[in-house]
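Thanks for asking me to look this one over.

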Amino acid sequence: MNNSLKGAIGAAAGVALLLGGAGTFAMWNTTTSTDPATINTGQLSLTKATGTWKHGGATIDLSSFHLVPGDVITYTVPLTITATGDDLKAKLTVDSGSISGLTTSGDVTVATALSSGGSGVTIDQTDHKSATITAPASGDYTVDATVTVTFTDVKDQAEQKRALTLDPVTFDLNQTA
């Protein structure tokens, strides 16, 4: 065996002995952990109650009511916002529905608005189509939504005896902070 091979084997044996002995040094070691904790999440939900259709202040049943030019009917529905969480902020917006089934566009129009029915709700006074909710404490907040359908005066007979469809009016509630 040549000397360089003997030297390599000897070096490898020395390294193995040193590594094997490295585990024999005593080291202090300890661990600890936190106590278990329960963390609760909040809630942000939107529900609607049963709404009411009215014409001239009187409650109407749409299945038997016949809209004529000049009529204005309104649908009012209370919305309940449940906010559970500290300093929860959200924005409620309304996306107006539209009327389909018309012969002449614009004879029947739809407008939507929100109004505050409880504390902690601020209605955008520019368009009345958005509300900001700041809930410093958990609770329920009420907002009234109104959909107004107006049948304008028409000069022809095109819209007689039609079944018009009011597309859904959508309410979106989104956390902002």
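1. Is R162 buried, exposed or partly exposed? R162 is partly exposed, because its relative accessible area is 42% and that class lies between buried (under 20%) and exposed (over 50%), with a 1.4 Å probe and protein chains only. R162 sits in the loop between strand 10 and strand 11 (165–166).

2. A word on the basis. This is a predicted model, in which local features need pLDDT of at least 70 and side-chain atom pairs count only at pLDDT 80 or more, while totals for chains, interfaces and linings use all residues. Residues are numbered from 1 along each chain as its sequence is written, and side-chain values use heavy atoms, leaving out hydrogens and water.

3. Overall layout. In sequence order the pattern is α-β-β-β-β-β-β-β-β-β-β-β-β. Of the 177 residues in the protein chain, 21% are buried. Among contacts (heavy atoms within 4.5 Å) with a separation of 6 or more, 75% are between residues 24 or more positions apart.

4. The largest pocket. The volume of the largest pocket is about 560 Å³, and its lining counts 23 residues, with F65, H66, L67, R162 and L164 nearest the centre. By class the lining has 16 nonpolar, three polar and four charged residues; here Ala, Val, Leu, Ile, Met, Phe, Trp, Tyr, Cys and Pro count as nonpolar, Asp, Glu, Lys and Arg as charged, and the others, Gly among them, as polar. A pocket is an open set of points on a 1 Å grid over the protein atoms alone, where a 1.4 Å probe fits, with protein on both sides within 12 Å along at least five of seven lines; lining residues have an atom within 4 Å of a point. Points are joined across faces, edges and corners, and the volume is the space filled by probe spheres set on them.

5. The nonpolar cores. A core here is a set of buried Ala, Val, Leu, Ile, Met, Phe, Trp, Tyr and Cys residues joined through side-chain atoms within 4.5 Å. The largest has 20 residues, and L92, L114, I133 and F171 touch the most other members. Strands that each supply at least two residues of this core include strand 4 (72–84), strand 5 (88–95), strand 10 (139–151) and strand 12 (170–175). A second, separate core has seven residues, among them W53, I99, V149 and F151.

6. D71. Which side chain does the side chain of D71 meet in a polar contact? The partner is the side chain of H55, at 3.0 Å; a polar contact is a pair of N or O atoms within 3.5 Å, where within protein one must be able to donate a hydrogen and the other to accept it, and residues adjacent in sequence count only if both atoms are side-chain atoms. A polar atom of the D71 side chain also lies 3.0 Å from the backbone nitrogen of V68. D71 is in the loop between strand 3 (58–59) and strand 4, and is buried, as its relative accessible area is 10%. Beyond neighbours within four places in sequence, D71 contacts H55, F65, H66, V149, T150 and F151.

7. S100. S100 belongs to strand 6 (residues 99–100) and is partly exposed at 30% relative accessibility. Leaving out residues up to four places away in sequence, S100 touches L164, T165 and D167. From S100 to D167 the C-alpha distance is 7.3 Å, across 67 residues of sequence.

Technical notes. Helix = DSSP H or I, 4+ residues; strand = E, 2+ residues; numbered from the N terminus.
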